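Here is a short briefing on one protein structure. Have the sequence and the model open as you read.

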There are 2 protein chains.
Amino acid sequence: MCPPVYMFVEITAGTQPKEPALLHDLNEPLIEHAEGQLFLTETFKIILEEVLCKGTDVKEKVCEWKEPEELAVLLDLELRDTGEPQGKLLKRVKDVAKYSIKTSHPRFFNQLFAGVDYHSMAGRFLTEALNTNLYTYEIAPVFVLVEAEVLRGMHRLVGWTEGDGIFCPGGSISNMYAMNLARYQLFPEIKSRGLWGLPRLTIFTSAESHYSVKKGAALLGIGTDHVILVKVDDGGRMIPEDLEEKIKLAKSEGSVPFLVSCTSGTTVKGAFDPLDHIANLCEKYMLWMHVDAAWGGSVLFSSKHRHLMKGVDRANSVAWNPHKMLVAGLQCSALLLRDTTNLLKRCHSASATYLFQQDKFYDVNLDTGDKSVQCSRKVDCLKLWLMWKAVGSAGLEARVDKAFIHARYLVEQMKKREGFHLLVSISITLVAPLIKERMMKEGTMMVGYQPQENRVNFFRVVAFSPLISQKDMDFFLNEIERLGKNM
Amino acid sequence: MCPPVYMFVEITAGTQPKEPALLHDLNEPLIEHAEGQLFLTETFKIILEEVLCKGTDVKEKVCEWKEPEELAVLLDLELRDTGEPQGKLLKRVKDVAKYSIKTSHPRFFNQLFAGVDYHSMAGRFLTEALNTNLYTYEIAPVFVLVEAEVLRGMHRLVGWTEGDGIFCPGGSISNMYAMNLARYQLFPEIKSRGLWGLPRLTIFTSAESHYSVKKGAALLGIGTDHVILVKVDDGGRMIPEDLEEKIKLAKSEGSVPFLVSCTSGTTVKGAFDPLDHIANLCEKYMLWMHVDAAWGGSVLFSSKHRHLMKGVDRANSVAWNPHKMLVAGLQCSALLLRDTTNLLKRCHSASATYLFQQDKFYDVNLDTGDKSVQCSRKVDCLKLWLMWKAVGSAGLEARVDKAFIHARYLVEQMKKREGFHLLVSISITLVAPLIKERMMKEGTMMVGYQPQENRVNFFRVVAFSPLISQKDMDFFLNEIERLGKNM
């Protein structure tokens with residue numbers, strides 16, 4: 001036998017108590033597996049019945065509206081000193097299911113997420129059960145490889161043979177990453193020295209881009225004033241000529257333009273900016289081209305519709321949320337990069353020695369955690385991988401194509417009906433909120449409304465869930481008419 | 001009947017295809033519920049058997065180590081054009097479970113998360129199934145109320161009767177929020193104008209604080225050079241006298257100190273900074289006091305150990321991750337604020353009219369999404385609420401106390417053994433990685449090692465899972481001895 005192994009052992013639970021409190025037998029774990037697994041199984045049954053069967057049944061309500069005060073009482077929210085028996089807890093589970101919005105319901109047209117995919121759901125349950133962190137190969141061997149494969153698949157769809165990327169907690173954070181990478185590439189000293197001493201940096205994005213561009217500019221210390229809004233055409237698409245004018249103006253005022261954030265699928269209108277045209281300008285003025293394709297990115301699966309993103313392969317970065325049109329489940333948001341110089345890691349790394357030891361027994365390039373500004377990072381890739389495996393790229397293409405067909409059908413049907421107009425009438429500013437209130441309280445469907453610039457409130461129908469049928473489109477039109485009566 | 005309801009209806013799936021492709025009958029949803037639910041049920045069985053039964057059984061391995069190249073082949077990672085049959089997909093689910101780390105295993109001592117709580121797990125499955133977004137009451141009525149209640153419960157433990165807060169995707173982001181709020185409070189114009197024109201801002205944190213403080217400073221445009229590291233004592237606690245000296249020095253150099261980020265439970269040593277003493281200095285120099293209690297915050301449940309965080313009620317903000325010591329499951333991280341002036345919302349809001357309409361039929365203060373820099377925000381509160389309901393504050397207190405008892409036991413047992421020393425010997429620098437390699441390849445347990453300043457590699461035993469018993473502590477010691485033989 002060799003000499004004894006010396007090592008420094010630290011216990012991280014903190015300092016030790018002065019008197020050892022014998023709360024219980026130390027050989028008795030505090031968790032009762034059999035009871036726990038029974039509870040979990042009962043919960044699973046409730047999920048199947050209430051959320052997945054009833055929750056997707058058109059004969060059932062989309063929501064069971066309660067006023068906040070009433071709901072708080074129904075849920076018995078209060079956290080107490082003592083625990084509750086299993087039966088009472090199962091009642092809580094049922095109540096949570098009952099009073100939550102059924103976002104998988106075919107008549108949920110309210111948000112850019114909807115529907116259910118069972119393979120994705122299986123991936124999500126498995127992810128939750130395995131409960132690990134996507135920062136090292138050691139701790140997440142399967143997920144490190146799965147994330148890399150999913151990113152490769154998305155890269156190919158963008159049109160890149162190589163690149164880099166990472167899953168982020170939502171598209172807003174993905175957009176912020178792009179900003180941070182763009183300015184770091186231009187001024188690497190920013191990481192250590194901050195923005196002081198640097199010229200004023202400006203970002204360009206369309207007037208109809210997502211609000212996260214401004215939120216990101218504020219968080220990153222750039223300031224919302226330095227986000228220049230470029231005009232859009234009637235279809236909501238960025239006007240390249242206006243972009244060029246604004247770049248020139250900013251330069252003439254002494255600012256340093258560094259990033260154009262294009263949008264593929266704007267939040268309200270679903271418009272796609274002309275990427276090829278913008279790419280020309282980005283090359284001419286040497287700007288980082290980012291594409292916020294959180295919503296629209298999924299058209300890349302469709303040979304019919306991917307022309308909407310023509311030129312995306314010329315971008316430096318793309319943010320794409322499969323939790324939206326692809327129904328991968330919240331959260332699932334990828335930031336894709338054309339870069340092959342390890343920019344992501346150079347920009348974000350802190351090289352913590354407790355986590356990213358360089359003397360490991362495997363290739364430490366598999367430890368992707370230092371590419372992130374997070375430490376704990378949730379596994380968001382498995383669900384997408386499993387869904388993609390299950391239906392193939394062709395199956396995802398069919399879903400995207402179907403969404404366009406439904407949209408087209410809805411527009412055609414609307415044109416035939418008296419009360420629907422692709423027009424604006426000042427008299428309805430207050431009507432949309434009233435219809436919405438009736439809709440929620442009856443719970444028959446959910447669709448969002450919003451004002452747009454100088455226009456009044458209008459409804460935005462989001463119709464892409466793989467669960468919906470033509471009948472649901474007809475229902476939407478009939479229901480808006482019915483709810484709008486007697487106002 | 002009233003005049004027809006005029007409204008502007010937009011379809012966000014994009015422009016319409018020129019030729020309507022009839023891929024399938026539009027009245028046939030693309031999702032087959034019965035088949036999907038069967039798949040989900042089979043997956044649930046695999047989760048129960050492989051992850052929750054075998055994965056927590058001490059007779060089974062913690063990990064089934066495979067080299068990356070081999071694992072990639074075993075998993076058949078490739079994403080193809082066509083989908084796969086259900087049987088093959090279930091094989092994937094099994095393989096993912098098989099080759100993933102069993103973080104709930106009693107011999108997983110590797111990270112600051114471990115173990116399993118079945119009520120939390122039930123909450124997580126339910127959250128996944130309900131698939132919604134925590135930004136408005138409209139879309140997440142139950143979760144808006146649950147988040148507020150859980151935050152109230154955590155506030156009370158900190159010692160506040162009111163306050164504000166939000167769940168963030170991990171402690172690093174929570175820490176960044178604190179930085180952003182602190183500087184916004186001092187210089188509100190930063191949100192629109194950015195850092196230009198402002199004096200250099202400096203942050204103070206201990207030399208053993210988490211790396212996210214530096215990552216945050218880099219992302220926020222402050223720069224890592226402006227994070228001043230304060231010396232620690234032998235126990236790894238920030239030395240207040242050194243903090244005061246460094247504050248004075250920074251001021252004398254023309255910088256503006258604005259934030260002290262204290263740590264309650266440092267990542268490597270589990271040290272608790274002396275909060276009361278630091279609070280005195282923060283008051284004296286009018287600095288924002290942030291407490292990174294990602295790991296240690298859970299001691300607030302314990303009447304025996306909460307003295308470690310004495311003075312936390314004087315902080316402006318606290319980051320606390322129940323996904324660590326409380327076993328709530330990744331991700332579960334709360335940022336708690338003492339502020340009652342809506343600072344969080346003022347600092348982060350973009351007031352998007354498509355989401356946060358002000359003419360809603362309910363109290364729009366319940367729409368908490370604009371407090372976040374995210375748009376999509378995952379629901380991370382339900383699992384904690386359900387677990388807290390199930391075992392009560394007293395049950396969570398017992399878990400924290402047990403973790404301390406195990407730690408104490410381990411230290412005592414180590415003292416009795418020949419090969420273990422709370423000393424450092426230069427000869428073992430390479431021994432820890434070798435032991436770790438043997439450990440992973442045999443899969444018997446997992447524990448992390450790291451260097452610390454000028455010390456060599458040592459193992460950090462994280463022993464707080466509610467599943468562990470005294471026998472697991474004994475096993476740890478025996479196993480390190482066994483693995484260290486013949487080196």
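The side chain of A:T56 comes within reach of the backbone oxygen of A:L52, at 2.6 Å. A polar contact is a pair of N or O atoms within 3.5 Å; within protein, one must be able to donate a hydrogen and the other to accept it, and residues adjacent in sequence count only if both atoms are side-chain atoms. This is a predicted model, in which local features need pLDDT of at least 70, side-chain atom pairs count only at pLDDT 80 or more, and totals for chains, interfaces and linings use all residues. Residues are numbered from 1 along each chain as its sequence is written, chains are lettered from A and ligands numbered from 1 in the order in which they are written, and side-chain values use heavy atoms, leaving out hydrogens and water.

**Around A:T56**
- A:T56 sits in the loop between α1 (33-53) and α2 (68-75) of chain A. Helices (H or I, at least four residues) and strands (E, at least two) are DSSP runs, numbered from the N terminus.
- A:T56 is buried, at 9% relative accessible area. Buried means under 20%, exposed over 50%, and partly exposed in between (1.4 Å probe, protein chains only).
- Contacts of A:T56 include A:H105, A:P106, A:L467 and B:H33, leaving aside residues up to four places away in sequence. Contact means heavy atoms within 4.5 Å.

**The annotated lysine**
- An unreviewed UniProt entry annotates A:K324 as "modified residue: N6-(pyridoxal phosphate)lysine". Such annotations may be inferred rather than shown by experiment.
- A:K324 lies in the loop between β8 (317-320) and β9 (333-337) of chain A.
- A:K324 is buried too, with a relative accessible area of 12%.
- Beyond four places in sequence, A:K324 touches A:L112, A:A294, A:W295, A:F464 and B:S376.

**Sheet in chain B**
- Seven strands form an open sheet with mixed pairing, in the order β3-β9-β8-β7-β6-β4-β5. Two strands pair if DSSP finds at least two bridges between them.
- β3 (164-168) and β5 (227-230) of chain B are the edge strands, each pairing on one side only.
- β4 (201-206) and β6 (256-263) of chain B run parallel, over five bridges. B:T205 has B:S261 in β6(B) as its bridge partner.

**Nonpolar cores**
- The largest nonpolar core has 236 residues; A:V291, A:L384, B:V291, B:V318 and B:L384 touch the most other members. Such a core is a set of buried Ala, Val, Leu, Ile, Met, Phe, Trp, Tyr and Cys residues joined through side-chain atoms within 4.5 Å.
- A second, separate core of 64 residues includes B:I166, B:Y184, B:L201 and B:L219.
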